[in-house]
Amino acid sequence: MSASSAFSDEKGGSASEPEYGHDPASGGIFSSDYKRHDDLKEMLDSNKDSLKLEAMKRIVAMIARGKNASDLFPAVVKNVACKNIEVKKLVYVYLVRYAEEQQDLALLSISTFQRGLKDPNQLIRASALRVLSSIRVTIIVPIMMLAIKEAASDMSPYVRKTAAHAIPKLHSLDPEQKDQLIEVIEKLLADKTTLVAGSVVMAFEEVCPDRIDLIHKNYRKLCNLLIDVEEWGQVVIINMLTRYARTQFLNPNINESLLEESSDKAFYASDDEEDEDKKAEVATLAKRKPYVMDPDHRLLLRNTKPLLQSRNAAVVMAVAQLYFHLAPKAEVGIIAKALVRLMRSHSEVQYVVLQNVATMTIKRRGMFEPYLKSFYIRSTDPTQIKILKLEVLTNLANETNISTILREFQTYIKSMDKDFVAASIQAIGRCATNIGEVRDTCLNGLVQLLSNRDELVVAESVVVIKKLLQMQPEQHSDIIKHMAKLIDNIQVPMARASILWLIGEYCEHVPKIAPDVLRKMAKTFNNEEDIVKLQIINLAAKLYLTNSKQTKLLTQYVLNLAKYDQNYDIRDRARFIRQLIVPTDKSGALNKYAKKLFLALKPAPILESPFKDRDHFQLGSLSHLLNAKAGGYQELPDWPESAPDPSVRNVEIPEWSKCTSRKDRKEKKVEKPFYSDSEGESGPTESADSESDTGSGSESASASDESGSGSESEESGEETESEEEEEDEEKEKKRKKRLDKTKAKKPAEESAESEQSSGTEDRKRGRKAVKNQKSASESESESESSESEDESEEEESEEESESDTDIRKKKTPVSKQPPKQSKKESKKETQEMSLLDLDDFEPAPASAPVTPVNFLSSSLVSDLEGLSLTDTILAPTTIAPSGLIKMYELLHRITGEGLAVEYCFSRQPFSPEPNMVAVQIQFTNNTNSETKNLHIEEPRMQSGMRIREFAEIDMLAAGESVTVVMGIDFCDSTQAANFQLCTHTRKFFVSIQPPVGELMTPAFLTENDFKKEQGKLMGMNEISEKLTLGEKCVNEHVIVERVTATANLSRVPCGSDKECRFAGKTVSSGCLVLVTVTTKEGGAAQLTVNCEKMVIGTMLVKDMMQALSQ
Amino acid sequence: MIHSLFLINNAGDLFLEKHWKSVVSRSVCDYFFEAREKAVEPDNVPPVIRTPHHYLINIYREKIFFVSVIQTEVPPLFVIEFLHRVAETFQDYFGECSETTIKDNMVIVYELLEEMLDNGFPLATESNILKELIRPPTILRSMVNTITGSSNVGDTLPTGQLSTIPWRRAGVKYTNNEAYFDVVEEIDAILDKSGTTVFAEIQGVIDACVKLSGMPDLTLSFMNPRLLDDVSFHPCVRYKRWESERVISFIPPDGNFQLMSYHISAQNLVAIPIYVKQNISFFETGPSGRLDITVGPKQTMGKTVECLVVTVHMPKVVLSASLNATQGTYNYDPVTKILVWDIGKLNPQKLPNLKGSLSLQSGAPKPEENPSLNIDLKIQQLAISGLKVNRLDMYGEKYKPFKGVKYVTKAGKFQVRT
């Protein structure tokens, strides 16, 4: 549309109503159209946000009305970097709408989004990607591709979700990018967050729905995540999984369907055929193995079932179709109830549901029979719903319920809605043909309708009666006579034609009436409708053949009239029939067979449901509804003859499995010291040591760690390095002491060697342990198979890979680098899960899991289960050594009158609110009486800071102690949180001040990410200090330990051994904190901290300096 | 998925269009107008219309057609459900979803649509998230906005979108913490001429209005949960606890929402609160007919039936009605042929009766059919199924909330055949 036409458009509108938005002034002020746009431009150019906003609002209102506003493009795009959020948003709206038309100008805005993609705030990154990918300008395809790729590996699941959304956009813009996009899809499919799952499957469906192989490894994960995915994602995933399951599993009804077929045949086929068939079938049945459902098939059915209770009709329908297409016959029934429930919904929903129910009732009638009455029709239903309900009722009719159904139909016939009445009559006809017992009753009923006053009803009845009579004409000559009389009154052409056909067909039964009817019809021939004329010709021909004496002349007359008819069909027919029936000298061989031709026995019509063959379309799909293939419809594949290899789903991701198998290996040896109570190599001295320090739980963890790394040390040096990192994170203080001793001999390779020795010793005992372990894992997997739904999918896969361990063991050392990375990756992802998956949290449990205890469980459980989703298990592997956790005093025993309170920063993510720091508080009651109602009151904090109290402790018995966890949002400041700690008798003012290092959580970056992020945080955000390392800081380990003790950071892999890198982000705002320690000759070192929050950076540097120079 | 959306009013004016992919010309709606014309009644427009290049999926709500344009295969219910969600969001934001409110709030509507779909795939449909993104208009705010020029777009970034409980916004604070639950049951029934029940079932919903600070974790339990065998839940409800313990455990969204709906099917015995004696007949001779309707209480569980209304869709030939009501008022609209008898409270001592004659169009044949009666009623403080809430427990927060449960029974699609 050109600009000028837009103006004229608006001119028309502006007279009657204020054109733009709801500002009543606008109509008056800007009365001239040409000026109006100038004015908008002026407003956009002003530097007042309120004016810009007003202008943008009007422009958006124009767009909403479909008016052209494209000439404002340059003026609007200028504001893309506007600070005001609403203006910005409206500019985005405008940009997305018109960028396609103004490609060159649109490019001006791209750099803004590119900048946005680098923003530290995930929401801004996401929205930048969203707008960037919505701009349909081909030139920026490479930029989009790059942005998507980057976003796909973003830390934030929300950004990754946006990346998934961007994939189909790019694909539709430039299909040539498909291959690259598939790679991104593959990567995102492996994502473990519920947020991403739905969107990526949607992208998969749009870009590469045929790449079913991408699903294998993610199948179980998708099944398990399904219930927590948002509802729209659920629909897409379920539909995709239906198709997937059809290609991968065997038909659960395979035996039944054979039986069904045979019974069907028995019904229709002639006897001799049947015998043979039966033999063949028995043979095939015998050949076939008994059907056993694939556990993955079962998993899908089990995990989708609860979604039948979703409030979203689309989800319910998706599950219903999944069950219909995939479930064993006995289980399909459960969907009926849910579908019937949907019928209460809006009429559009009813319409779609009824269409699908109609198809289902043809195949599985029994399923809906109990709900027959739910399909009864109300006079207030819209006609299209009535007709569909009628269809369902007809499909449901059988010998037992036919009488109730017919009674219902009888009331319908009295309805005011004539289309519906006609449909009801047809329905009666169908019931009559399908159920022999009621045929006569129906016929009588229909004949009664012939005397109805409404012509439509009569006509419809005639048509239906005609069809019914065709089944057994002999018994009903009186009905035919009755119908013949009707011809005088009925005007509806179809009905007249039907009667004429009936009389012609059965003229032997009514020999006297037939010629008379023909006589009447000949008289009115010229005024009849075409369809009636054709039947008159037919009637004449048939009578001529049977009763030529009486009708010869009449026939001649009719044929002559037809010869000069306007309609060529009729002329043709007349010519054709004349040649056939009237013998002339030229007439050919056909003449002899005329009677056979006309009066052959015609098979009775089978009245079928229009929904008969619809089930080859996937139910619930648009194609099914239209009964035609819609664009982009994916055929529902047939069941495979034999199931493809189910083990494809076992593997997680190739790298992952390697990593897990490595873990397994470790675990085998790890297991031993743990179960054997950590004696042996780790030595009596050590256990004594550790007991004094942190208790046996953490000790065993450390022991397992050591032996774990020991087993690994046989791998190459590079491997060892990565291993060391892990140790660093998980090791404890006293372990270091021991290392220090050994180091005295061979400082360089000490760790490797000492561990190797431990490893070998371990291995001796290891063999026994392997057996133990195996039996343990077996029992574990048994409990698994007993359908405990809660088990996360990883565990299962773990279990399986475990059994394969021996084979994989040999394979493992092939590649060194990838496993290392993947490990990091896996950690990263799981950690994020723990931050976000709050579903199962128990809000502030009275005695929350204490870290040391956790730690014990971690080595045990995480080794057994590998990468699991639950945060309690995961946290320890990612968090600094618990032994380093410092306890602080909150309330001294004396000031607290016997109540001592200590706290520490557990470094666990605080699951109810991820942006709070978890503070673990330990109460000890040193009095002789019990303390009651321990709780927090009157928190006094700096603005913005929040506290999440622990649940009140009802009672603390004398001498007991209890530990709780509370969350505090410090807003990334080291301001103290002040509050009152109350008992049933006293109140104590206390305060918690966090060290700066506790305000962050570890972030997992790759080396490249690290460098990139560091690059963004230069200048003011970088603080660099030189220092001299303390005497004890002689090697990397110590440095790592000191740093992680000071701040809750995680180590970033790094190629150089001179540098240690750490990354974390602040808990409240998620700003990245990057720390680099570069060691130099002679104990000198350089410490660099990059952080957007300069205060935090400065404080962190101070703390670090202190820690490292000790 | 969803390409474009057009909003069309009953008169056929297209008053809003929104495109999520490239622009689809509004001429595509001509196919819709054609179908609309054919259907006569707006109810009868087929929800899915096929055009040569597109598919139009439409819903009709509050006198507005929401017509969406689809290009490729997509589950139709997905689109329909989404469109209804859009209508509900408008209702939530503007109090009602009508042409005027949409036109008045064009920019907000447009912003909402922008956030709800991304490239045609639903992005944010939870009202709690949307309200964080775009604040709903209030009179006060719109005044402040016009004066100060400030915006109604939230300046805080929505964190709800990032959490795994997207339905609840973070940092909720109330001075009065309260949680109200309305158990609303509707009786769907068809009674035949003689008054016997052809079919009856109960549709129930529990609407909640929860205004609680922080992150409360609620558990709602029933006295007789066994009544409920067919339920559907808001996504916040934990299915597993329902499966295992028959309690409803959830972290509620903030504000009003529908917690669950249930369906007590035709297999159970459903109490019918009233009976209707009626006699409508048209005489063979002369253009007139008679009407006599009496309503009386049946199984009301000792409660009063209120807001009783009888609606009759008369045959086309009925010109006027001269009737006499012992209670309430009646009104016959000769254009729509609808007779409405508003009774009000049902008095069991003196049964309301409506009696009189109908005059028919002269010369027209006596109507074949008898009109059916639609009943509307309301019973306070009663859930006709007998469902009772046992208790509501709150975990995770320490204040004592104010709790309340209200029961009400209504007639749903309650029809008496004659």
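Student: How many salt bridges does the rule find across the interface of chain A and chain B?

Tutor: The rule finds 13 salt bridges across that interface. Keep in mind that this is a predicted model.

Student: What makes B:Lys398 and A:Glu949 a salt bridge?

Tutor: Their closest N and O atoms are 2.8 Å apart. The rule asks for a Lys or Arg side-chain nitrogen within 4 Å of a carboxyl oxygen of Asp or Glu, so B:Lys398 and A:Glu949 qualify.

Student: Now to the rings. Why is the pair of A:Tyr219 and A:Tyr244 called stacked?

Tutor: The ring centres are 5.0 Å apart, with 25° between the planes.

Student: What does the pair of A:Tyr219 and A:Tyr244 tie together?

Tutor: A:Tyr219 lies in helix H13 (residues 219-225) of chain A and A:Tyr244 in helix H14 (residues 231-248) of chain A, so the pair links parts that are 25 residues apart in sequence. A:Tyr219 and A:Tyr244 are both buried.

Student: Why is the pair of A:Tyr412 and A:Phe420 called tilted?

Tutor: Here the planes are 45° apart and the centres 5.3 Å apart. Stacked needs under 30 degrees and edge-to-face over 60, so an angle of 45° makes this pair tilted. Both A:Tyr412 and A:Phe420 are buried.

Student: How do you know whether B:Asn119 is buried or exposed?

Tutor: Its relative accessibility is 10%. Buried means under 20%, so B:Asn119 counts as buried. B:Asn119 is in the loop between strand S6 (117-118) and strand S7 (121-122) of chain B, and its phi is near 55°, a positive value in a residue other than glycine.

Student: And B:Gln381, is that residue buried or exposed?

Tutor: B:Gln381 has 60% relative accessibility. Exposed means over 50%, so B:Gln381 counts as exposed. The loop that holds B:Gln381 runs between strand S21 (373-380) and strand S22 (389-395) of chain B.

Methods. Residues numbered from 1 in each chain as written. Chains lettered and ligands numbered in written order. Predicted model: local features only at pLDDT ≥ 70, side-chain atom pairs only at ≥ 80, totals over all residues. Heavy atoms only, no water. Phe/Tyr/Trp six-rings, centres within 6.5 Å; stacked < 30°, edge-to-face > 60°. Helix = DSSP H or I, 4+ residues; strand = E, 2+ residues; numbered from the N terminus. Buried < 20%, exposed > 50% of the residue type's maximum accessible area, 1.4 Å probe, protein only.
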